[in-house]
Amino acid sequence: MRVVREWTASVVRYVKRRRDPMVVQTLRSAAAATIAYVVALRLSPEPAPLTAPLTALLVVQVTLYATLTNGIRRVNSVVAGVLVAIAFSLLVGLTWWSLALLIVASLAVGRLVRVEEYVPEVAISAMLVLGVTTHGDTAWARVVETLIGAVVGFGCNLLLAPPVWVDEAGESIEGLARRVRQLMLRMGEEAAGRTPVERATERLYEARRLDHDIVEVDAALRQAEDSLRLNPRVREGLLHRVVLRTGLDTLEICTVVLRVLARTLTDLAKERDPEPLFAPETGAAVEGLLSEIADAVVSFAVLVTSHVSESAESAESRLAAELRQAAATRDKLAQLLLEEVQRDARSWQLYGAVLTEVNRILDEMDTEHRSRRLFEELDRNSREQRERMPRLTRLRESLRDSERLRVPEVLRRNPDGGGRRSR
């Protein structure tokens, strides 16, 4: 046991130094499985109680919320499989047709008890127990080992506290914003001169590939949201989740509009080939506008991922200034496009589409629009939480009310805050 404690302490120190998800998950899973096996050797009658480390390995997840939910489902699946195996061993024993019936019954029971991804584990547990001779002893030993693995998994998750993955999700959001910025800059540079149809089509394909980046960022954000749930080290976890989620939603809308803008520029290149997309002055205005919007996209991502109030205020001020500058350039571009349409009305629909798409991106990143959407999302989450857990909500409200009432009572007894006794 001393060796196990020393090894666990070294793992704790290493995990504190490294926050990479793969490193954290590997070390925590290995530690939980090893400890569960050592404990099961002392408590289980089986000579090789491998169910305990297997359960601990499956229970321990990257976040505390995932560990709790997966641990409960894992225990339910194993217990359900053991009970099904005990029933079959008493009635029919092990034959080829009873094995088929056992698998069908186990999978059906797994669906009924709602163990979700652990439905196959019900059948696996039932087959392992039914395939031995001492059914009763092995069955209950498997239950004991499963409970040991689950308890050790929970304990390791408390000892090796899972990190909060908000910073990693923020880095993913900022990385997405920078990729959007690079694409906007390339589109602006090419719009300022003659753009071959092949190059405009290539930018359209790049804009479409941003959908895959959004999927990856969404996965990182879901992990961050899970790490904030049921985490005693996190205050205002709901606020963090809503800020990041609404920020990613805004960036996703911007990427969709950017893809539409790339489609518009591609159609414009086809229509005006071999002529330039815009007149020289208009093309320079398009390039400047897309450059300013690209900088605003990065500033928006920095604002969304800023946790310190001072950093958030500076990021919001910078974003507001960049949006004002972009709006002024947009107005200038609108006037230049109007003059071009008056000279040559062939591409008036595509010119209007360019302005419409640019306006949509600017509106999505507007600070007032973001604040309004943030408050709406917070209200919706609070309302859903009250509907889902009304008793817990009433308990929290009563505790808050009692806390507010306690302070005036103290001040009434001692109005000067403790400096002297009231008379």
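The legends below describe close-up views of a predicted model.

Local features are given for pLDDT of at least 70 and side-chain atom pairs at pLDDT 80 or more, while totals for chains, interfaces and linings use all residues. Residues are numbered from 1 along each chain as its sequence is written, and side-chain values use heavy atoms, with hydrogens and water left out.

**View 1. The protein chain as a whole.** The secondary structure comes to 15 helices and 0 strands; these are DSSP runs numbered from the N terminus, helices being H or I with at least four residues and strands E with at least two. Of the 423 residues, 45% count as buried (buried means under 20% relative accessible area, exposed over 50%, partly exposed in between; 1.4 Å probe, protein chains only). Among contacts (heavy atoms within 4.5 Å) between residues at least 6 apart in sequence, 76% join residues at least 24 apart.

**View 2. Confidence along the protein chain.** The average pLDDT, the predictor's confidence in each residue from 0 to 100, is 77, and 74% of the residues score at least 70. Among the elements, helix 11 has the highest mean pLDDT (91), and helix 15 (residues 390–413) the lowest (51). Over residues 403–423 pLDDT stays under 50, and the model has 6 contacts beyond four places in sequence for this stretch.

**View 3. Helix 8 against helix 11.** Helix 8 (residues 166–191) and helix 11 (residues 280–304) pack with their axes 8 Å apart, at an angle of about 175 degrees. Helix 8 is therefore roughly antiparallel to helix 11 (angles under 35 degrees count as roughly parallel, over 145 as roughly antiparallel, 65 to 115 as roughly perpendicular and the rest as oblique). Axes are lines fitted to C-alpha atoms, for helices over the stretch in contact, and angles run from 0 to 180 degrees between N-to-C directions. Residues making the contact include Ile-173, Met-184 and Leu-185 of helix 8 and Val-286, Leu-290 and Ile-293 of helix 11. By class, this contact has 15 nonpolar, 3 polar and 6 charged residues (Ala, Val, Leu, Ile, Met, Phe, Trp, Tyr, Cys and Pro count as nonpolar, Asp, Glu, Lys and Arg as charged, and the others, Gly among them, as polar).

**View 4. Surroundings of Thr-250.** Thr-250 is found in helix 10 (residues 237–272). Thr-250 is buried, with a relative accessible area of 5%. Not counting residues up to four places away in sequence, Thr-250 touches Phe-300, Glu-364, Met-365 and Arg-373.

**View 5. Surroundings of Glu-206.** Glu-206 lies in helix 9 (residues 197–228) and is buried, with a relative accessible area of 15%. Leu-183 and Arg-186 are touched by Glu-206, not counting residues up to four places away in sequence.
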